[in-house]
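Work through the exercises below with the sequence and the model open side by side. Each task is followed by a solution in steps.

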Amino acid sequence: MIPREELSIYNHQRLNARYRGIAWEISFPEWWCLWLESGKWEQRGKRIGQYVMSRLKDVGPYKIGNVEIVTCSKNCSDGRSLTHARIRASTQMTRRTRKT
């Protein structure tokens, strides 16, 4: 039997990904096993010291092999670093285009 509360949380995360335009390719059993194997289910949440499911390098779909369970702080830090790197790359590309 599928736990009702966990299924509700899974569906919320899946719909949130869809809302953000991110593909979701994880079944409930895969998602649930990932959380159980991490040992962090009881510490799941969006506050400092809690854990979230994060996509590697914040790209691609949510799918097995492209997600990990990390602290919320690490996920936010990685996201900021990647955003800054993407902005720098875009700026450099714009400058190169203007020079030619």
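The model is predicted, so local features need pLDDT of at least 70 and side-chain atom pairs pLDDT 80 or more, while totals for chains, interfaces and linings use all residues. Residues are numbered from 1 along each chain as its sequence is written, and side-chain values use heavy atoms, without hydrogens and water.

**Exercise 1.** Describe the secondary structure and the burial of the chain.

Solution. 
- Step 1: Helices (H or I, at least four residues) and strands (E, at least two) are taken as DSSP runs, numbered from the N terminus.
- Step 2: The chain has 3 helices and 2 strands, in the sequence pattern α-α-β-β-α.
- Step 3: Of the 100 residues, 27% are buried; buried means under 20% relative accessible area, exposed over 50%, and partly exposed in between (1.4 Å probe, protein chains only).

**Exercise 2.** Find the buried residues of helix H2 and state how they are arranged.

Solution. 
- Step 1: Helix H2 spans residues 28–38, and its buried residues are Phe 28, Trp 31, Trp 32 and Trp 35.
- Step 2: These residues lie on the same side of H2 because they cover an arc of only 95° around the axis, taken from the directions from the helix axis to the C-beta atoms.
- Step 3: In general, an α-helix has 3.6 residues a turn, so residues three or four places apart point the same way.
- Step 4: Pro 29 and Glu 37, on the other side of H2, are exposed.
- Step 5: The buried residues of H2 pack against helix H1 (4–19), strand E1 (51–55) and strand E2 (67–71); contact here means heavy atoms within 4.5 Å.
- Step 6: After H2 comes Gly 39, with a positive phi near 75°.

**Exercise 3.** Is Ser 54 buried or exposed, and which residues does Ser 54 contact?

Solution. 
- Step 1: Ser 54 is in strand E1.
- Step 2: Its relative accessibility is 6%, so Ser 54 counts as buried.
- Step 3: Beyond neighbours within four places in sequence, Ser 54 contacts Asn 66, Val 67, Glu 68, Val 70 and Asn 75.
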